[in-house]
Amino acid sequence: MKLTVLFALVTLALCCSSVSAGICPEFLQVIYQLLKGTVPDYIEAIKPFNPDLAMRNSGLLMKESLDTLPEMAKENVLKLMVEWIRLDVRVLLVDWLSKW
């Protein structure tokens, strides 16, 4: 399952088109709803990515699996995601400053 989650996260990250190469807000919403939201909220969050039926069903299977995790585990995953985002912002800032 770890490989499936990693693959899904990388795929969603690549699907977020952004001129600034920053973190896609839709991606963050999907991650949050995947871990903490309801099934209808998750389905709503993935709509901007236009998933086909197979992708939607696979995401729902992943959500069902993640919903079995203890709340503390989900909270810790969200904290880890925040740390990754902070690191990404720092890397982007250093890259931007190096061009000046």
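Some housekeeping. Residues are numbered from 1 along each chain as its sequence is written, and side-chain values use heavy atoms, with hydrogens and water left out. Since the model is predicted, local features need pLDDT of at least 70 and side-chain atom pairs count only at pLDDT 80 or more, while totals for chains, interfaces and linings use all residues.

Start with the overall picture. The protein has five helices and zero strands, and along the sequence the pattern reads α-α-α-α-α. Helices here are DSSP runs of H or I with at least four residues, strands are runs of E with at least two, and both are numbered from the N terminus. Of the 100 residues, 24% are buried. Buried means under 20% relative accessible area, exposed means over 50%, and partly exposed is in between, using a 1.4 Å probe and protein chains only. The accessible surface comes to about 7,200 Å², and 68% of that belongs to carbon and sulfur atoms; the areas come from the Shrake-Rupley method with a 1.4 Å probe, and for residues only the protein chains shown count as cover. Taking contacts between residues at least 6 apart in sequence, 55% join residues at least 24 apart. A contact is heavy atoms within 4.5 Å.

Helix H2, residues 25-36, packs against helix H4, residues 53-66, at an angle of about 50 degrees, and their axes are 8 Å apart. H2 is therefore oblique to H4. For the terms, under 35 degrees is roughly parallel, over 145 roughly antiparallel, 65 to 115 roughly perpendicular, and the rest oblique. Axes are lines fitted to C-alpha atoms, for helices over the stretch in contact, with angles from 0 to 180 degrees between N-to-C directions. On the H2 side the residues are Gln33, Leu34 and Leu35, and they meet Gly59, Met62, Lys63 and Leu66 in H4. By class, this contact has four nonpolar, two polar and one charged residues.

Now the charges. How many salt bridges does the structure hold? There are five salt bridges, each a side-chain nitrogen of Lys or Arg within 4 Å of a carboxyl oxygen of Asp or Glu. Glu75 pairs with Lys36, with the closest N and O atoms 2.6 Å apart. That pair links distant parts of the chain, 39 residues apart: Glu75 sits in helix H5, residues 71-98, and Lys36 in helix H2. Both ends are partly exposed, Glu75 at 31% relative accessibility and Lys36 at 29%.

Another salt bridge joins Asp67 and Lys63, at 2.8 Å between the closest N and O atoms. Asp67 is partly exposed at 36%, whereas Lys63 is buried at 0%.

Glu71 and Lys74 also form a salt bridge, with the closest N and O atoms 3.1 Å apart. The two are about one helical turn apart, because they are three residues apart in helix H5. Glu71 is partly exposed at 44%. Through shared partners, salt bridges join Lys36, Glu71, Lys74 and Glu75 into one network.

Last, Lys74 itself. Is Lys74 buried or exposed? Lys74 is buried, because its relative accessible area is 5%. Leaving out residues up to four places away in sequence, Lys74 touches Leu35, Lys36, Leu66, Asp67 and Leu69.

Terms used: Nonpolar A, V, L, I, M, F, W, Y, C, P; charged D, E, K, R; others polar.
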